[in-house]
Amino acid sequence: MDSALFSSLGLNEKAAKVYLAALPLGIASVAQIAQKTGLKRPTVYLYIDELLKRGFMEKAAVGKRQYYRPSDPEALIAQIRKNMAELEIALPKLAALQAEAG
């Protein structure tokens, strides 16, 4: 998959790798995702945290264990549209701040 797509969404190569590895796994442990990506578990935890914050992944508790699942790619489009709408609302204020600078 083209890493430029994920780069345009603000994800670096390793975060994209974690998301793409999780897609076919569905609900998976960090160890399973690490094995599929070839990244070390601590590294995978870092990128899962980033993906959780950005809405690319979700937590999935199974019993007492913590698992993760990738967000539906369709949901990502909705998230991007929401971010765009928020930016459009903020744009006049940002332009006004820029105008103050001269």
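Is Gly26 buried, partly exposed or exposed, and what is its relative accessible area?

1. Basis and fold. The structure under review is a predicted model. Its chain contains five helices and two strands.

2. Overall dimensions. The radius of gyration of the chain is 17 Å, whereas a compact globule of 102 residues would have a value near 13 Å. Along the principal axes, the C-alpha atoms occupy a box of roughly 55 × 25 × 25 Å.

3. Burial, surface and contacts. Of the 102 residues in the chain, 26% are buried. The accessible surface amounts to about 7,100 Å², and carbon and sulfur atoms account for 55% of that area. When contacts between residues at least 6 apart in sequence are considered, 46% of them link residues at least 24 apart.

4. Charge. The chain carries 14 positive and 10 negative side chains.

5. In soluble globular proteins, nonpolar side chains tend to be buried together. In this model, the largest nonpolar core has 20 residues, and those touching the most other members are Val18, Tyr19, Ile33, Val44, Ile48, Leu51 and Met57. Helix 2 (13–25), helix 3 (30–37) and helix 4 (41–54) are the elements that each supply two or more residues to this core. Helix 2 provides the largest share, with five residues.

6. Val18. With residues up to four places away in sequence set aside, Val18 touches Ile33, Thr37, Leu39, Tyr47, Ile48, Leu51 and Met57. Among these partners, Ile33, Ile48, Leu51 and Met57 are also listed with Val18 as core residues that touch the most other members.

7. Thr43. This residue belongs to helix 4. Thr43 has a relative accessible area of 22%, and is therefore classed as partly exposed, since the buried class requires a value under 20%. The C-alpha atoms of Thr43 and Ala15 are 9.6 Å apart in space, although the two residues are separated by 28 residues in sequence.

8. Gly26. The opening question can now be answered: Gly26 is partly exposed, with a relative accessible area of 26%. Gly26 is located in the loop between helix 2 and helix 3. Apart from neighbours within four places in sequence, Gly26 is in contact with Tyr68, Arg69 and Pro70. For Gly26 and Arg69, the separation is 43 residues in sequence and 5.4 Å in space, C-alpha to C-alpha.

Terms used:
Residues numbered from 1 in each chain as written. Predicted model: local features only at pLDDT ≥ 70, side-chain atom pairs only at ≥ 80, totals over all residues. Heavy atoms only, no water. Helix = DSSP H or I, 4+ residues; strand = E, 2+ residues; numbered from the N terminus. Rg over C-alpha atoms; globule rule 2.2 N^0.38 Å. Buried < 20%, exposed > 50% of the residue type's maximum accessible area, 1.4 Å probe, protein only. Contact = heavy atoms within 4.5 Å. Areas by Shrake-Rupley, 256 points an atom, 1.4 Å probe, with all protein chains shown as cover. Lys, Arg positive; Asp, Glu negative; His and termini not counted. Charge placed at Lys NZ, Arg CZ, Asp CG, Glu CD. Core = buried A, V, L, I, M, F, W, Y, C linked by side-chain atoms within 4.5 Å.
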